[in-house]
Amino acid sequence: MDTLSSLADGFVIALTWQNLLLALLGCFLGTIMGALPGLGPSNGVAILIPLAFTLGLGATPSLILLTSVYYGAMYGGRISSILLNIPGDEPAMMTCLDGYPMAQQGRAGEALSLSGVASFVGAFIATWGLILLAPQLVKIALLFGPAEYFALFTLAFATLGGVASTNQAKTAFAAALGIGLATVGVDTQTGVPRFTFGEVHLYDGIDFLVAIVGLFALSEVFLFLEHRHGNAEANASKVSVGRLMPSFALLKYCTPTMLRTSLLGFVAGVLPGAGASLGSFVSYTFEKKLVDKEGTFGKGDPRGVAAPEAGNNAAAGGALVPMLALGVPGSGTTAVLLAVLLALNITPGPLLFTQQPDVVWGLIAALFIANFMLLAMNIPMIGLFTRVLLVPPRILMPIVAMVSFVGIYGISGSSFDLLVMVGFGVLGWVLRKLDVPLVPIILGTLLGNAMENNLRRAITISNGDWAVLVGSPLSIGLWSLAIIGFVLPIIFGRVLKARMRHMKKDEESSTID
Amino acid sequence: MSDRIFGAVGLFLALGYAWAALIIEESFLSDAVGPKAFPLIIAAVLGLASLAIFLKPDAAPEWPSLPRLLEVALAVLAMILYAILLPEAGFILATAVAASYLTWRLGSAPIGSVLIGCLTSVGIYAVFHLVLGLSLAKGPFGF
């Protein structure tokens with residue numbers, strides 16, 4: 001009952017004209033960013049963070065805007081998967097498998113609207129899951145001391161590569177690089193400058209917003225320049241969309257699939273390091289095993305469209321649970337959302353629920369509202385979004401670059417930050433070429449200071465005894481999970497990733513011949 | 001081969017980072033851990049990861065040919081110039097030039113790209129400055 005009244009308070013906060021308008025704007029921009037190949041949810045949120053700041057929005061409105069973008073991007077990813085067979089973002093990869101064949105059979109409209117409904121169901125169930133699960137997790141988190149937090153941060157980094165990671169050394173490298181960047185600046189505990197090399201600009205550290213926008217948005221521009229596929233795509237108009245509304249029978253046919261995969265996706269999202277890509281992959285393979293008796297999956301089975309979409313949207317909601325309750329994000333985009341919180345001077349974690357309930361519940365209410373808006377937007381207005389796919393990257397990418405510059409310049413007004421951002425853009429491009437994941441770098445710059453502070457606090461409390469780090473059953477448990485989470489992908493990672501690629505390849509060859 | 005070079009660079013980075021951590025001047029008032037210990041742990045992780053990458057490299061990525069590499073380098077140069085000249089030249093002028101350059105290099109026709117660049121610049125100025133009230137760089141002409 002307590003939860004419901006908090007939720008009602010949340011709706012009171014979210015239902016103002018300004019917040020509704022922001023949610024609408026966020027959903028719209030998010031869907032577009034998700035739909036455009038090359039601009040995923042993390043990119044989309046990263047580009048818009050500076051905007052939310054420079055607009056001078058308060059904490060709750062900024063969060064409403066940016067999480068709407070997050071949910072919107074998750075919806076939008078499917079559009080290019082279905083119409084172009086190019087996933088708009090990584091989680092939407094599995095939607096290509098059955099979505100594109102459906103489009104080829106002239107049922108693109110049905111596939112789009114059905115996946116819209118599936119996204120809605122997934123996100124809706126996940127938001128309820130968030131409401132029920134997050135407060136429970138908070139109760140556990142309140143037992144954490146500094147030593148446990150240090151172990152928890154290590155766990156987050158160890159599992160961030162995800163089960164599908166191919167090279168754990170590169171994940172570890174990225175995490176250490178990020179944490180190393182966070183240590184630049186004046187030491188918070190003793191006041192000595194570290195790694196500043198006498199440069200005054202570096203005394204207050206490297207702004208993580210600058211790093212995020214550079215790493216994600218600018219490196220994308222460089223990738224496009226390198227391949228100069230400025231004129232790729234733009235054949236969306238060739239596919240006829242067909243009827244827009246799914247028939248009631250079709251919806252009913254797919255309902256059990258959507259419900260099952262929503263639960264599965266949510267669990268995948270909550271688990272550290274899994275994220276939305278794994279959510280959609282697990283959902284698809286699970287449904288295929290369970291209901292694909294006639295072998296229609298991969299040939300345009302509607303359930304094959306519904307399953308990954310419900311799964312990835314549910315995982316997106318699930319990933320918010322550890323981010324809000326523990327302050328430790330489970331996926332790339334939630335890491336970027338964590339940056340928003342930190343920049344707004346909000347420390348996520350167990351205390352957030354007791355000290356700033358208006359932020360939490362306003363956000364959750366906004367998720368519900370955004371979800372309904374997205375459903376309403378995605379079915380009748382789908383034609384508009386398919387038009388957006390016609391904007392060629394040669395026009396789009398310069399706009400992305402310029403908006404990034406505007407955003408960062410708007411915050412600090414200094415050329416130095418812009419130069420640092422370009423530097424991060426180049427770094428991001430090189431690291432992407434080398435297959436080094438960027439998310440651990442971001443998470444490192446975000447959490448590095450908190451991690452160090454907890455370590456030093458724990459050891460100061462124990463009078464310099466380092467054994468305190470493994471001094472409680474809880475921390476030993478977290479350390480063992482971290483070790484398992486780091487070692488497991490070394491054994492299984494290649495197999496899983498190969499299977500994901502393999503399924504995609506199979507699909508491509510079967511559509512060609 | 002790429003990964004070997006990458007691992008070696010990473011190792012040097014780790015060593016340099018550890019060295020920079022060791023020369024941090026400690027203040028006389030310090031906690032039990034001090035400002036050096038955590039960076040040294042991170043340097044160790046960085047070094048070990050680099051060593052692993054060096055010893056067990058992945059297949060090399062497909063590096064762009066020299067002209068494409070030059071393309072990226074020129075774009076970086078354009079962005080650096082943009083960052084430095086933005087406060088001098090003002091937002092509209094600098095952005096129009098930079099956006100024209102980028103869209104031209106991504107494959108627009110020369111005349112078209114000037115048009116697209118100007119439209120991008122004016123569009124962003126209208127949305128961000130006139131509608132949203134963001135303060136953008138003021139040049140000699142006041143915009």
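Helices here are DSSP runs of H or I with at least four residues, strands are runs of E with at least two, and both are numbered from the N terminus. The model is a predicted one, in which local features need pLDDT of at least 70, side-chain atom pairs count only at pLDDT 80 or more, and totals for chains, interfaces and linings use all residues. Residues are numbered from 1 along each chain as its sequence is written, while chains are lettered from A and ligands numbered from 1 in the order in which they are written.

B:T95 counts as buried because it has 28 C-beta neighbours inside 10 Å; the cut-offs are 20 or more other C-beta atoms within 10 Å for buried, 12 or fewer for exposed, and anything in between for partly exposed, with C-beta atoms placed from the backbone. Leaving aside residues up to four places away in sequence, B:T95 touches B:S121, B:I124 and, over in the other chain, A:M402. Touching, or being in contact, is a matter of C-beta atoms, placed from the backbone, lying within 7 Å. B:T120 sits 25 residues from B:T95 along the chain, and their C-alpha atoms are separated by 8.0 Å.

Now for the meeting of the two chains. In total, 54 residues of chain A are in contact with 58 residues of chain B. On the chain A side, at least two residues each come from α8 (168–182), α9 (208–227), α18 (393–412), α19 (415–433) and α20 (439–461). The largest share belongs to α18(A), with 13 residues. Sorted by class, the side of chain A that touches chain B has 30 nonpolar, 14 polar and 10 charged residues. For this sorting, Ala, Val, Leu, Ile, Met, Phe, Trp, Tyr, Cys and Pro are nonpolar, Asp, Glu, Lys and Arg are charged, and the others, Gly among them, are polar.

Chain A as a whole contains 21 helices and 2 strands. Of its 513 residues, 61% are buried. Among its contacts between residues at least 6 apart in sequence, 82% join residues at least 24 apart.

Two of the helices were checked for length, the expected span being 1.5 Å times one less than the number of residues. For α8(A), 15 residues should span 21 Å at 1.5 Å a residue, and the end C-alpha atoms are 21 Å apart, so the two agree. This helix is mostly covered, with 14 of its 15 residues buried. Helix α12 of chain A (residues 302–318) also agrees, because its 17 residues should span 24 Å and its end C-alpha atoms are 24 Å apart. In α12(A), 17 of 17 residues are buried.

Next comes helix packing. Two packed helices are described by the angle between their axes and the distance between the axes. Axes are lines fitted to C-alpha atoms, for helices over the stretch in contact, and angles run from 0 to 180 degrees between N-to-C directions. Angles under 35 degrees are called roughly parallel, over 145 roughly antiparallel, 65 to 115 roughly perpendicular, and the rest oblique.

Helices α2 (residues 17–35) and α16 (residues 357–378) of chain A pack at about 55°, with axes 9 Å apart. That angle is why α2(A) is oblique to α16(A). Among the residues making this contact are A:L20, A:L24 and A:F28 of α2(A), along with A:I369, A:M373 and A:M377 of α16(A). The contact has 11 nonpolar, 4 polar and no charged residues.

α16(A) also packs against α6(A), at an angle of about 175° and with axes 10 Å apart. The pair is therefore roughly antiparallel. Residues in this contact include A:F120 and A:F124 of α6(A), and A:L367 and A:F368 of α16(A). Here the classes come to 10 nonpolar, 4 polar and no charged.

In turn, α6 (residues 108–141) packs with α4 (residues 59–84) of chain A at about 155°, the axes being 10 Å apart. So α4(A) is roughly antiparallel to α6(A). Their contact includes A:Y71 and A:R78 from α4(A) and A:S115 and A:G116 from α6(A). By class, this contact has 10 nonpolar, 3 polar and 1 charged residues.

Finally, a look at two loop residues. A:N345, in the loop between α14 (332–343) and α15 (350–355) of chain A, has a phi near 65°, a positive value in a residue other than glycine. Having 7 C-beta neighbours inside 10 Å, A:N345 counts as exposed. A:N463, in the loop between α20 and α21 (473–512) of chain A, likewise has a positive phi, near 60°. With 8 C-beta neighbours inside 10 Å, A:N463 is exposed too.

Terms used
Contact = placed C-beta atoms within 7 Å.
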